[in-house]
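Have a look at the model, then read on.

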Amino acid sequence: MIITKLFKAFFESEKLGGLVLIICTLLSLLLANSAFGASYHHFWLTEFAGQHLEYWINDGLMTIFFLLIGLELEREIYQGELSNLKDALLPIFAAIGGMIIPAAIFLFFNFSTETQSGAGIPMATDIAFALGILSLLGNRVPVSLKIFLTALAVIDDLGAILIIAIFYTKTLLWTNLFIALGIFVFLYILGKYLKVKNLLPYLIGGVIMWYFMLNSGVHATITGVLLAFAIPFGNGGEKSTSYILQHFLHKPVAFIILPIFALANTAIVMSGNISEILTENYSLGIAFGLIIGKPLGIFFLTFITVKMGFCKLPSDINWKSVLGVGFLGGIGFTMSIFITLLAFDNEAVINNAKLIILLSSLVAGVLGFVFLKATLKDSHTEVEA
C-alpha cells in the first residue's frame, strides 16, 4: 500500500509538473524573443554571492532535484520495480538500449569533431514530461506501463548521473573530493548503523558535502544522489526519514525547482537560419538520437532480452506499448539541457542545441502520444507474446 500510495503521489505530481514545464518553457521562449528579451536574459545573469543566478539554479537548486531522483531510485531498489532482479531486468535493459543507441547515433554524426562531447545529450529522458504525456491518455494506460516508464526513466537518470560524474568532470581536486566522500561515509554510518533518524544532521552535512563537491571538479549535483543513499530508509514506511523527505520534495521539485530551471535555461533567442542550425552535426545527432535512437534502443534491446528469456513483459503490456513508451523516452528536455551546459562551451552551440532538444522532444512526445492513443485501446484485450 505504501509503494502504491507513494507512486500515485509521484505520478500525479509529475503529470501536473509536466504541464507546468510546458507553460514555463513557452513563456520563457516568448519573453526571450519579445521586446523584453535583453532584460529577461540579463536577469538570469544577475550576480549573487559572486555567481550568476543561472549558476546557482543549475549547480544549487538542481542538487535538490537530484536528491529526489536518488530517493526515488533508492525506493525502487529496496521495495519497488528494481527490488526483484527478474522484474528489474526489463526496465534496466530498456534503459540501457535507450542510452547506447542514441549515443551511438550522435557519435556517428560527431565523432572526432569539436562537438563529440555532446554524446550524452540524447541519452536522457525527462520523467516529468514523459509521464505528463502518458497521463493525457487517461484510464486506457495499464498500471504496468506507468511503472515501466517510471522505472525506465529513473534508471535513465542514474545513467545520466554516472555519465556526468565520469565524462563531464574536467579537472579533479582530490583533497576536496575526498572530504566530500568522507562526509558521505560519515552520514551513511550515521543512518545505517547509528540509526539517527533526525533529518537535520543529514541536511547540514549535505550542504557541507555539496560545497566540497562543488570545489572538487565533480559536478555538485552528484551530492544530491549521494545524500539520498545516506538518509536512512528503514522499513520504507510513512514514518521513515527517506519517505518523509521524498514525499515533502515532490511538489517543490515539480512546481518550483524544475519550472525555474526551465525558465532560466530555455531563454533561447530565435536567430540565424533555422535550416542551417538543423543541419549542424550536433543538431542531427541530438534529433536523430532522441526521435529515432530512443525508441529503437528501448524496443530492440527489450525485445531481444525477452525473447532470450532474461525477462518477460507484464501481462497487460504488448510490444506496441513498449514502442510507444520508447517514443516518450525521446523527450529529453531537463536532463538533455543540463548535459548540454556541461558538454559545450560555445554559447551559440549551447543555444542551438537547446532549441534542437526542444523541437526533438516535442516531436518525440507527439509521436508517442499519437502512437499510444492509436494502440492502447486494445491493450487490455490484445497482448502479444
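Does T25 count as buried or exposed? This is a predicted model, and in it T25 comes out at 7% relative accessibility, so it counts as buried, the cut-off being under 20%. T25 belongs to helix α1, which runs over residues 2-32. Setting aside residues up to four places away in sequence, T25 touches A262, T266, F333 and L358.

**The whole chain**

Zooming out, the protein chain has 15 helices and two strands. Its C-alpha atoms fill a box of roughly 60 × 60 × 40 Å along the principal axes. What about the radius of gyration? For 385 residues, a compact globule would have a value near 21 Å, and the chain's 20 Å agrees with that. Buried residues make up 55% of the 385 residues. If you take the contacts with a separation of 6 or more, 83% of them come from residues 24 or more positions apart.

**A helix pair**

Two packed helices are described by the angle between their axes and the distance between the axes. For helix α12 (residues 281-307) and helix α13 (residues 319-328), the axes come within 7 Å and cross at roughly 145°. The crossing of α12 past α13 is right-handed. On the α12 side, the residues involved are I291, K294, P295, I298, F299, T302, F303 and V306, and they meet W319, V322, L323, G326 and F327 of α13. Sorted by class, this contact has 10 nonpolar, two polar and one charged residues.

**Two phi values to check**

Most residues other than glycine have a negative phi. K195 is not a glycine, yet its phi is positive at about 60°. F333, one of the residues T25 touches, is not a glycine either and has a positive phi of about 40°. K195 is in the loop between α7 (174-192) and α8, and with a relative accessible area of 57% it is exposed, since the cut-off is over 50%. F333 is in helix α14, which covers residues 333-343, and at 2% relative accessibility F333 counts as buried.

**Two loop residues**

N215 is in the loop between α8 (199-214) and α9 (222-230). Is N215 buried, exposed or partly exposed? Its relative accessible area is 31%, so N215 is partly exposed. The side chain of N215 reaches the backbone oxygen of Y211 at 2.8 Å. Leaving aside neighbours within four places in sequence, N215 is in contact with L173 and N176. N215 and F178 are 37 residues apart along the chain, and their C-alpha atoms are separated by 11 Å.

The other one is G272, found in the loop between α10 (241-265) and α11 (274-278). G272 is exposed, with a relative accessible area of 72%. From G272 to G205 there are 67 residues in sequence and 47 Å in space, C-alpha to C-alpha.

Here are the accessibility values for the residues discussed above, side by side.

| Residue | Relative accessible area | Class |
|---|---|---|
| T25 | 7% | buried |
| K195 | 57% | exposed |
| N215 | 31% | partly exposed |
| G272 | 72% | exposed |
| F333 | 2% | buried |

Terms used. Residues are numbered from 1 along each chain as its sequence is written. This is a predicted model: local features need pLDDT of at least 70, side-chain atom pairs count only at pLDDT 80 or more; totals for chains, interfaces and linings use all residues. Side-chain values use heavy atoms; hydrogens and water are left out. Axes are lines fitted to C-alpha atoms, for helices over the stretch in contact, and angles run from 0 to 180 degrees between N-to-C directions. Helices (H or I, at least four residues) and strands (E, at least two) are DSSP runs, numbered from the N terminus. A crossing is left-handed if the near helix is turned anticlockwise from the far one by less than a right angle, and right-handed if clockwise. Contact means heavy atoms within 4.5 Å. Ala, Val, Leu, Ile, Met, Phe, Trp, Tyr, Cys and Pro count as nonpolar, Asp, Glu, Lys and Arg as charged, and the others, Gly among them, as polar. Buried means under 20% relative accessible area, exposed over 50%, partly exposed in between (1.4 Å probe, protein chains only). A polar contact is a pair of N or O atoms within 3.5 Å; within protein, one must be able to donate a hydrogen and the other to accept it, and residues adjacent in sequence count only if both atoms are side-chain atoms. The radius of gyration is taken over C-alpha atoms; the globule rule is 2.2 Å times the number of residues to the power 0.38.
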